[in-house]
Amino acid sequence: MEEYSKAEARAYIANKFSEQGDFNILPKDVFEKMLDKVMELDEAFMAETGVNDGQVYDDDQAFEYMMKGLQEAFPEQKMYAMRFVEDYMEYDEAYLESAGLINWE
């Protein structure tokens, strides 16, 4: 089994966002900071809820946690937070699948 690479995950996810194109309207530095923040929030959520220790990742709770954190960190982009987090979660899952890191049990 592969090992998780934050740098590879970030590059994969950023590429997916770029291919999709909806967030290309954001200034590049804002997009980059939003991506870094949502990844940071995802990591914090997993640590706080015990996912890193084997607990189940609750998609709904994770979504709410990341959306709230992203809206607080980027109030000017508040209207984009819901879609940004949805897309991030989809692309992160795609990365995990592509790297053989998801366990669906």
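Me: Which residue follows H4, and is its phi positive or negative?
Reply: Gly100 follows H4. Its phi is positive, near 70°. Keep in mind that this is a predicted model.

Me: How do you know that H4 has close to its expected span?
Reply: H4 covers residues 81-98, which makes 18 residues. At 1.5 Å a residue, 26 Å is expected. From first C-alpha to last, the helix reaches 25 Å. The two values are close.

Me: Which residues of H4 are called buried, and what covers them?
Reply: Ala81, Phe84, Val85, Asp87, Tyr88, Met89, Tyr91, Asp92 and Tyr95 are buried. Each therefore has under 20% relative accessible area. Their cover includes helix H1 (6-20), helix H2 (28-49) and helix H3 (59-73).

Me: Why is the contact between Lys6 and Glu43 called a salt bridge?
Reply: The cut-off is 4 Å between a side-chain nitrogen of Lys or Arg and a carboxyl oxygen of Asp or Glu. Lys6 and Glu43 come to 3.2 Å, N to O. That is within the limit, so the pair qualifies.

Me: How many salt bridges does the rule give?
Reply: The count comes to eight.

Me: Where do Glu40 and Lys37 lie, and what makes them a salt bridge?
Reply: Both lie in helix H2, three residues apart, about one turn of the helix. In general, an α-helix has 3.6 residues a turn, so residues three or four places apart point the same way. The closest N and O atoms of Glu40 and Lys37 are 3.1 Å apart. That is within 4 Å, so the pair qualifies. Glu40 is partly exposed at 43%, and Lys37 is partly exposed at 23%. Elsewhere, salt bridges that share partners join Arg10, Lys28, Glu32 and Asp36 into one network.

Me: How far apart are Ala73 and Lys37 in sequence and in space?
Reply: They are 36 residues apart in sequence, yet 8.0 Å apart in space, C-alpha to C-alpha. Ala73 is in helix H3. Its relative accessible area is 37%, so Ala73 counts as partly exposed.

Me: Which residues touch the most other members of the largest nonpolar core?
Reply: Phe17, Leu35, Val38, Leu70, Phe84 and Tyr88 do, out of 29 residues. H1, H2, H3 and H4 each give two or more residues to this core. H2 gives the largest share, eight residues.

Me: What does Leu70 touch, beyond residues up to four places away in sequence?
Reply: Leu70 touches Met34, Lys37, Val38, Leu41, Ala81, Phe84 and Val85. Among them, Ala81, Phe84 and Val85 are buried residues of H4.

Terms used: Residues are numbered from 1 along each chain as its sequence is written. This is a predicted model: local features need pLDDT of at least 70, side-chain atom pairs count only at pLDDT 80 or more; totals for chains, interfaces and linings use all residues. Side-chain values use heavy atoms; hydrogens and water are left out. Helices (H or I, at least four residues) and strands (E, at least two) are DSSP runs, numbered from the N terminus. The expected span of a helix is 1.5 Å times one less than its number of residues. Buried means under 20% relative accessible area, exposed over 50%, partly exposed in between (1.4 Å probe, protein chains only). Contact means heavy atoms within 4.5 Å. A nonpolar core is a set of buried Ala, Val, Leu, Ile, Met, Phe, Trp, Tyr and Cys residues joined through side-chain atoms within 4.5 Å.
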